[in-house]
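Colleague: Before we discuss any details, could you put the structure up so that we can go through it together?

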Amino acid sequence: MGERIFLLGGARSGKSRLGESLALRWGGSDVTYIATAEAGDAEMARRIDLHRASRPREWRTWEGEPQALPAFVEGLEGVVLMDCLTVWLSRLFLADPAVESDDETLWHEGERKILASVEALFDAAGKAERFIVVSNEVGMDLVPPNRMGRRFRDLQGRANQLGAARAETALLVVAGLPLVLKGGLDDGR
């Protein structure tokens with residue numbers, strides 16, 4: 001089984017840059033990059049274009065449907081970088097009609113299914129030499145003003161707990177600096 005590295009941080013904390021740096025160091029030009037964003041508007045399309053342009057051209061990129069990701073990851077070897085868990089999770093979340101339901105039981109069933117997908121993703125990464133996952137820490141922010149926002153924040157917090165629990169190494173990136181939460185990076189690798 002390979003090593004799973006979980007990089008957690010706020011917006012513009014440097015977590016993606018760290019993930020790309022680690023992937024480049026460990027995999028060189030032989031990296032599979034999992035891009036989870038979808039261009040829903042022109043501004044997001046520009047962001048995606050900037051991300052594409054910043055990565056080495058030799059890296060293989062996956063930009064598939066969110067439900068297909070765990071099965072895709074299962075066959076990967078070498079170094080894999082996923083950026084990011086939060087965007088992937090939001091796509092699963094928004095595809096579930098239960099997110100806006102008044103029925104809490106229905107919502108909790110939907111939440112369990114989504115979290116099972118998160119578990120399946122981390123469990124499927126066993127063949128990869130290194131599976132680097134970037135995720136957002138959203139629990140330190142303001143409480144969202146609506147139920148849907150609060151449900152997503154709670155779901156993201158639970159998903160981050162699952163990711164950190166399944167990873168051998170977990171880092172919190174703050175102001176571009178990685179803080180070790182679990183395990184650690186061996187600079188000699």
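Modeller: A residue counts as buried when its relative accessible area is under 20%, as exposed over 50%, and as partly exposed in between. Please keep in mind throughout that this is a predicted model.

Colleague: With that cut-off, is Thr-169 buried or exposed?

Modeller: Thr-169 is found in strand 6, and among the residues that it touches beyond four places away in sequence are Glu-3, Arg-4, Ile-5 and Phe-6, as well as Lys-182 and Leu-185. Its relative accessibility is 2%, and the limit for this class is under 20%, so Thr-169 counts as buried.

Colleague: How many residues of strand 1 are buried?

Modeller: Glu-3, Ile-5, Leu-7 and Gly-9 point one way from strand 1, whereas Arg-4, Phe-6 and Leu-8 point the other way, and all are buried. Strand 1, which spans residues 3-9, is therefore mostly covered under the 20% cut-off, and the number of its residues that are buried is seven of seven.

Colleague: Which residue in strand 5 is the bridge partner of Glu-3?

Modeller: Strand 1 pairs with strand 5 (residues 130-136) in the parallel sense, over seven bridges. Strand 1 is also joined to strand 6 (residues 169-174) by five bridges, and these two run parallel as well, with Leu-8 bridged to Leu-172 in strand 6. In strand 5, the bridge partner of Glu-3 is Arg-130.

Colleague: What is the handedness of the crossing of helix 4 and helix 6?

Modeller: The residues that meet there include Leu-85, Leu-89 and Phe-93 in helix 4, and Met-148, Phe-152 and Leu-155 in helix 6. The crossing of helix 4 and helix 6 is right-handed.

Colleague: How many residues apart in sequence are the parts that Glu-63 and Arg-52 tie together?

Modeller: The structure holds 14 salt bridges, and in one of them Glu-63 pairs with Arg-52, the closest N and O atoms being 2.9 Å apart. Glu-63 lies in the loop between strand 3 (60-62) and helix 3 (69-74), whereas Arg-52 is in helix 2 (residues 42-54), so the pair ties together parts whose separation in sequence is 11 residues. As for accessibility, Glu-63 at 42% is partly exposed, and Arg-52, at 40%, also counts as partly exposed.

Colleague: You ended on accessibility there, so let me ask about another pair: what is the relative accessible area of Glu-111?

Modeller: Glu-111 forms a salt bridge with Arg-158, with the closest N and O atoms 2.7 Å apart, and the pair links distant parts of the chain, Glu-111 being in helix 5 (residues 104-124) and Arg-158 in helix 6 (residues 147-166), 47 residues apart. Arg-158 counts as partly exposed, at 38% relative accessibility. Glu-111, by contrast, is buried, and its relative accessible area is 7%.

Key. Residues are numbered from 1 along each chain as its sequence is written. This is a predicted model: local features need pLDDT of at least 70, side-chain atom pairs count only at pLDDT 80 or more; totals for chains, interfaces and linings use all residues. Side-chain values use heavy atoms; hydrogens and water are left out. A salt bridge is a side-chain nitrogen of Lys or Arg within 4 Å of a carboxyl oxygen of Asp or Glu. Helices (H or I, at least four residues) and strands (E, at least two) are DSSP runs, numbered from the N terminus. Buried means under 20% relative accessible area, exposed over 50%, partly exposed in between (1.4 Å probe, protein chains only). Two strands pair if DSSP finds at least two bridges between them. A crossing is left-handed if the near helix is turned anticlockwise from the far one by less than a right angle, and right-handed if clockwise. Contact means heavy atoms within 4.5 Å.
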